[in-house]
Protein chains: 2
Amino acid sequence: MSFFEELLVGDVVMTGRHTFTPESIKAFARRFDPQRFHMDEEEAARSHFGALCASGWHTAAAWMRLLVDARRAAEEAARARGEAVAASGPALGLRNLKWLRPVYAGETIDYRTEITALRVSGSKPRFGLMTTLTTGVNQDGATVISFESTTFVERRLPPAKAS
Amino acid sequence: MSFFEELLVGDVVMTGRHTFTPESIKAFARRFDPQRFHMDEEEAARSHFGALCASGWHTAAAWMRLLVDARRAAEEAARARGEAVAASGPALGLRNLKWLRPVYAGETIDYRTEITALRVSGSKPRFGLMTTLTTGVNQDGATVISFESTTFVERRLPPAKAS
């Protein structure tokens, strides 16, 4: 993670892409969302979706996996260059999580995160607060998922002590 | 699913409870949230969480599983009584998903959903819109997760035709 001072509103990070295979869609659904149209092609064909598609929770969890991998790779690269790595807090929640279109079997979703706001934390002055909009876009350019979140990001410079 | 006319603001449904075992926490994390404090007790003990805890996405997905199972059981019971079952639409999103406290290994979370608003759909007059607040509460009575959502629920009576 970059330090708060290096972040700019409008910065975009491409987190990665994930292809939702029929097998992975069904495996997730069996465990966490066993609605028939997420587990069987014929049932899906008869449903309002018309074909096998991923649980919305699968679309979200796949993004989390890409985020963890991307962040780890970036941190390892920074450490290899001898650079410090900023601490960041856990996400405390999401706002406006939207499943805008089904993610059908075989589709590849590209996830991107844009910084939409930055401000210094009032409660934890060692940290800034980064607000982001994350979207997942399919191979046709259609957005399938979006959500906003706010994360604590470490500041490079400690705040001046009050005298 | 009950029909829209049978729903009341303030109605509460207990969806079910789920115990987060260390094994299930680690299995979910390996697949979808491989941060070290979700996969290893010793790493977790050194982290800001202090002990192994579930990915927030796991806490959410476990609710989805309980919802699907509870809804299916209710629908099968209704059909066994010869009652009609209302159609309901897929959730199109969530608002204000909050992970309020960690869910530590061994904790049991009780999920409840309260109807907070009801209105007839403007765009789909065969349906009503049900807005709900879902919470997950641990064995100490502390809320660990909450979110709001809105779902289409079929109306029993078709709307009168315009003359």
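Predicted model: local features only at pLDDT ≥ 70, side-chain atom pairs only at ≥ 80, totals over all residues.
Before anything else, a word on pairing, since I will rely on it throughout: two strands are said to pair if DSSP finds at least two bridges between them. With that in hand, take β2(A) and β5(A), which pair in the antiparallel sense over four bridges, and in which A:W99 has A:I145 of β5(A) as its bridge partner.

Let me start with a single chain. Chain A has three helices and five strands, and along the sequence these elements follow the pattern β-α-α-α-β-β-β-β. Its C-alpha trace spans about 70 × 35 × 30 Å along the principal axes, and of its 163 residues, 28% count as buried. If we consider the contacts in chain A between residues at least 6 apart in sequence, 70% of them join residues at least 24 apart.

Ten strands form an open sheet, and the order in which they follow one another is β1(A)-β3(A)-β4(A)-β5(A)-β2(A)-β2(B)-β5(B)-β4(B)-β3(B)-β1(B), with antiparallel pairing. Which strands are the edge strands? They are β1 (12-19) of chain A and β1 (12-19) of chain B, each of which pairs on one side only. On average, and with direction ignored, neighbouring strands of this sheet are turned by 20 degrees against each other.

In chain A, helix α3, residues 56-80, lies across β1, β2, β3, β4 (127-137) and β5 (143-154) of that chain, and runs at about 125 degrees to β1(A). In chain B, α3(B) lies across β1, β2, β3 (108-120), β4 (127-137) and β5 (143-154) of chain B, running at about 125 degrees to β1(B).

How are the two copies related? Chain B can be laid on chain A with an RMSD of 0.0 Å by a turn of 180 degrees and a shift of 0.0 Å along the axis, and the two copies are therefore related as by a two-fold rotation axis. Among the residues of chain B, B:R95 comes closest to that axis, with its C-alpha at 2.7 Å. The same surface serves both copies, in that 100% of the contact residues of chain B recur in chain A.

As for the contact itself, 18 residues come from chain B and 18 residues from chain A. On the side of chain B that touches chain A, the elements giving two or more residues are α3 (56-80) and β2 (93-99) of chain B, and β2(B) gives the most, with seven residues. By type, the residues on that side of chain B divide into eleven nonpolar, three polar and four charged.

I would like to finish with two individual residues. Leaving out residues up to four places away in sequence, A:A60 touches A:I145 and B:W57. By way of distance, the C-alpha atoms of A:A60 and A:A84, which are 24 residues apart along the chain, are separated by 30 Å.

The second residue is B:L133, in strand β4 of chain B, which counts as partly exposed because 17 C-beta neighbours lie inside 10 Å. Neighbours within four places in sequence aside, B:L133 is in contact with B:E114, B:T116, B:S146 and B:E148. The C-alpha atoms of B:L133 and B:A117, 16 residues apart along the chain, are separated by 9.5 Å.

Terms used: Residues numbered from 1 in each chain as written. Chains lettered and ligands numbered in written order. Contact = placed C-beta atoms within 7 Å. Nonpolar A, V, L, I, M, F, W, Y, C, P; charged D, E, K, R; others polar. Axes fitted to C-alpha atoms, helices over the stretch in contact; angles between N-to-C directions. Least-squares fit on C-alpha atoms with pLDDT ≥ 70 in both. Buried ≥ 20, exposed ≤ 12 C-beta atoms within 10 Å, placed from the backbone.
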